[in-house]
Amino acid sequence: MDLQTKKLELVRLIINTKKPSILKKIEDIFKKEAGTNWYDELSKHEKQSIEKGLSEADKGELIPHEEVMQEIKAKYGLE
């Protein structure tokens, strides 16, 4: 079943329900998802890597984009 078909099926079920408790649960799911921060979903290791990168950037320990691109092109034989 593709995504659009699944959505339509869920809409049909919502419209036809006579149980307010089901509608409340669905509403709660959407509210929870709207408040979800992608950062909270990351692993401890991913968060540490991001923090390390931000710390290095704050100290000016950066690699210019052009240099990174040259390394990538050389490594993968691009252009």
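The model is predicted: local features need pLDDT of at least 70, side-chain atom pairs count only at pLDDT 80 or more, and totals for chains, interfaces and linings use all residues. Residues are numbered from 1 along each chain as its sequence is written, and side-chain values use heavy atoms, with hydrogens and water left out. The chain has 4 helices and 0 strands. Its radius of gyration is 23 Å, well over the 12 Å that the globule rule gives for 79 residues, so the chain is more spread out than a compact globule.

**Fold and extent**
- The order of elements from the N terminus is α-α-α-α.
- Helices (H or I, at least four residues) and strands (E, at least two) are DSSP runs, numbered from the N terminus.
- The radius of gyration is taken over C-alpha atoms, and the globule rule is 2.2 Å times the number of residues to the power 0.38.
- The C-alpha trace spans about 60 × 35 × 15 Å along its principal axes.

**Surface and charge**
- Of the 79 residues, 0% count as buried.
- Buried means under 20% relative accessible area, exposed over 50%, and partly exposed in between (1.4 Å probe, protein chains only).
- The accessible surface is about 7,500 Å². Carbon and sulfur atoms account for 59% of that surface.
- Areas come from the Shrake-Rupley method with a 1.4 Å probe; for residues, only the protein chains shown count as cover.
- The chain carries 15 positive and 16 negative charges, and their mean positions are 13 Å apart.
- Lys and Arg count as positive, Asp and Glu as negative; His and the chain ends are not counted.
- Each charge is placed at NZ of Lys, CZ of Arg, CG of Asp or CD of Glu.

**Confidence**
- Mean pLDDT (the predictor's confidence in each residue, from 0 to 100) is 93 for the chain, and 100% of residues reach 70 or more.

**Helix H2**
- H2 has 15 residues and reaches 21 Å from first C-alpha to last, close to the expected 21 Å.
- The expected span is 1.5 Å times one less than the number of residues.

**Helix H4 and Gln 70**
- H4 has 12 residues and reaches 17 Å from first C-alpha to last, close to the expected 16 Å.
- The number of buried residues in H4 is 0, so H4 lies largely in the open.
- Gln 70 is in H4 (residues 65-76) and counts as exposed at 57% relative accessibility.
- Gln 70 and Ala 34 are 36 residues apart in sequence and 40 Å apart in space, C-alpha to C-alpha.
- Just after H4, Gly 77 has a positive phi of about 65°.
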